[in-house]
Amino acid sequence: SDEFTKADLSREDIENLIAASRSGERIDLSARRLNGLDLSGLDLSGVNLQSARINGTNLSKARLDGAVLDQAWGLEADLTGASLKGASLFSTQLMGAKLDGADFSNARVAADFSRASLKGALFDRADLSADMKNQSMGLMRGVFKSADLQGSSFRDANLARVVLEYARLGKADLGNANL
């Protein structure tokens, strides 16, 4: 459907929003369709992408530090080398996405990364656990079914109740992680 394949903004539109925003002001792209756009290298720190559609979008090397991606759909998106430090990814769908070298340090990550490539990704001090207080059965949590996590780092991360079925964890650093 158009909701998952088309965009209602262009890269130029987003660059204009960034240029027009005041320092510290959060850009609101919630519920927007950004499918298939090339947004590589943009500084989108603090942007609100809640419920946005970023399917097939190129966000490689983009800065999304402190961004809100709750309930966003990023099927087969490219976030290679992106920085998502301190970002919020609650109920985010990133199945089949490319996230090699992405930095999720100190982020809240209850996202579905099934079949995603996360080689060398950083999840240091990230919270990927199920929040049992605010949802029944703790269904929202980090899901890495058949994901490639080779060489990734989870130092001091909270991985309680995270799904790692068939995930590749060769040379992953789980030092001091809560499993």
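Is Leu-37 buried or exposed?

1. Leu-37 has a relative accessibility of 14% and therefore counts as buried (buried means under 20% relative accessible area, exposed over 50%, partly exposed in between, with a 1.4 Å probe and protein chains only). This is a predicted model, in which local features need pLDDT of at least 70 and side-chain atom pairs count only at pLDDT 80 or more, while totals for chains, interfaces and linings use all residues. Residues are numbered from 1 along each chain as its sequence is written, and side-chain values use heavy atoms, with hydrogens and water left out.

2. Leu-37 lies in the loop between helix 2 (11–20) and strand 1 (helices, H or I of at least four residues, and strands, E of at least two, are DSSP runs numbered from the N terminus). Beyond residues up to four places away in sequence, Leu-37 touches Ala-7, Leu-9, Ser-10, Arg-11, Ile-14, Thr-57 and Asn-58 (contact means heavy atoms within 4.5 Å). Ser-10 is 27 residues from Leu-37 in sequence, with 7.0 Å between their C-alpha atoms.

3. Strand 1 (residues 88–93) and strand 2 run parallel and are joined by five bridges (strands pair if DSSP finds at least two bridges between them). Ser-88 is placed opposite Arg-108 of strand 2.

4. Strand 2 (residues 108–112) is largely enclosed by the rest of the structure, because five of its five residues are buried. Arg-108, Ala-110 and Asp-112 point one way, Val-109 and Ala-111 the other.

5. Phe-113 is among the residues with the most contacts inside the largest nonpolar core, which has 49 residues (a core is a set of buried Ala, Val, Leu, Ile, Met, Phe, Trp, Tyr and Cys residues joined through side-chain atoms within 4.5 Å). Leaving aside neighbours within four places in sequence, the contacts of Phe-113 include Leu-94, Phe-104, Leu-118 and Phe-144.
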